[in-house]
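Here is a short briefing to read alongside the model. Keep the viewer open as you go through the points below.

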Amino acid sequence: MNEDTSSEVASHAYSHPAPNYDPTLINVGKGRPGGELLRRYWQPFALAGEATNVPRKIRLLGEDLILFRPGNGVAGLLYPRCMHRGTNLFFGRVEDDGIRCCYHGWKYDVVGRCLDQPAEPGGGRQRARVRQPWYPVVERYGAIWAYMGPPDKQPVFPRFSIFENMTADEEVLSYYLTRNGELAPWPEDFCFFALYENALDTHHVPILHTMISGPQFSGNSSAGRQSVNFPKVQWKSTENGVVAIAERKLPDGSRHISYSEALMPNLISLAPFFTKNGPGNELFWVVPWDDDNHTVLMMKRQKKGTPAPDNRKIFTFGPDGKYWSELTPEEHQRYPGDYEAEASMGKHVMHSEEHLVTSDFGVALLRRRFREQAKVVADGGDPVGVSFDPNDIFKINSAAVTLAPEGVSA
Ligand code: FES
Ligand SMILES: [Fe+2]
């Protein structure tokens, strides 16, 4: 058999082994290396307005939980099965100081203490022996955050560098990137890491979003500068993740340089290409519901009272400027976006079948950092960016600058 024939036989689909993946980059559950890394950080998982007196089901890091807001205003996040006999607190009644299970009326506060057992003598003299499992919750920036890691490792709530020194007329607005089918279904039905690593996949912007599907950022001219041509890219490790430094020549000859960063363990801060030059002003939290689903929760620093951006003006599909959910099956093929590119890999990225090349360096570096940090946690250490000192700042390097054409002073 000559060499050509043997390689043809080896590459025949019949000989192709089943694909598989690195579980550290996929499995978010308790006890899994990636899941334990994710649990060491405060995780935003809902908008403040989603905690009400109607209990809400939450899926987060592979766990089912119940979010509610008693009359006293402090939100709680509890394990769903009542510690009496297991009725789901989703059907509980929210009262001034807690949530009351619908079956026999046991009432729990936001830290799981049992306040009442109405069918027991004296309202349950032994009720202090019962505690409903709970997670600590913080409300900040219009979002609700949970710490789901070991209690003795609970860090201080982080101070993000791009949200420091806000003026009196500024705020941080939280919203979902695509809650109503603008760019993808909700939740997005594949592993969180496929979206997370997309932040460093700089070359897909001029290909997928321009060459293949037409200019998908065309509704916004400053965003369009990301798509004009192939960038020169360098990826570098930073304090808390990996930054992509991309330089493009704009049609007027000026040079545009963007710094987009993926930060441990599921955070993205893109260059501010939807606004102006300067430091980044947005966080993208890729919130894993479980191994197979996630949502993207956005936090944007802006002038107080500014509404959430209208995605129809920023990112559109096809010549008619449609939302993702308005596309016909054929239009999904003709004008694919990030969702088609990422979700079509399957629920999980199949690492065994990939052929990483030079333009994938950022993706490979991010995976390496994530695996290293998961190992730090598994070995009993504290991962990067987690702090026990309220003065520490979580450093973020996202930014955009435009330099005058060479030889012209700005
Ligand atoms: S099952 Fe909840 S009070 Fe009985
Ligand atoms: Fe994209």
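Which residue in β11 is the bridge partner of Q43? It is A146. The model you are looking at is predicted, and this pair is a handy place to start, as β1 and β11 are paired strands.

**The sheet**

- The strands β1, β11 and β10 make up an open sheet of 3 strands, arranged in that order.
- Pairing in this sheet is antiparallel.
- β1 spans residues 43-47 and β10 spans 137-140; both are edge strands with a single partner each, so one side of each has no neighbour in the sheet.
- From one strand to the next, the twist averages 35°.
- Between β1 and β11 (residues 143-146), the antiparallel pairing runs over 4 bridges.

**The two domains**

- The protein chain splits into domain 1, covering 43-139, and domain 2, covering 171-403.
- Taken over C-alpha atoms, the centres of domain 1 and domain 2 are 35 Å apart.
- Where the domains touch, domain 1 supplies 8 residues and domain 2 supplies 8 residues.

**The domain 1 side of the contact**

- On the side of domain 1 that touches domain 2, the elements giving two or more residues are β1 and β2 (56-60).
- β1 gives the most to this side, with 4 residues, and β1 is also an edge strand of the sheet described above.
- By residue class, this side of domain 1 has 5 nonpolar, 2 polar and 1 charged.

Note on methods: Residues numbered from 1 in each chain as written. Chains lettered and ligands numbered in written order. Predicted model: local features only at pLDDT ≥ 70, side-chain atom pairs only at ≥ 80, totals over all residues. Pairing = 2+ DSSP bridges. Axes fitted to C-alpha atoms, helices over the stretch in contact; angles between N-to-C directions. Domains from an automatic or database assignment. Contact = placed C-beta atoms within 7 Å. Nonpolar A, V, L, I, M, F, W, Y, C, P; charged D, E, K, R; others polar.
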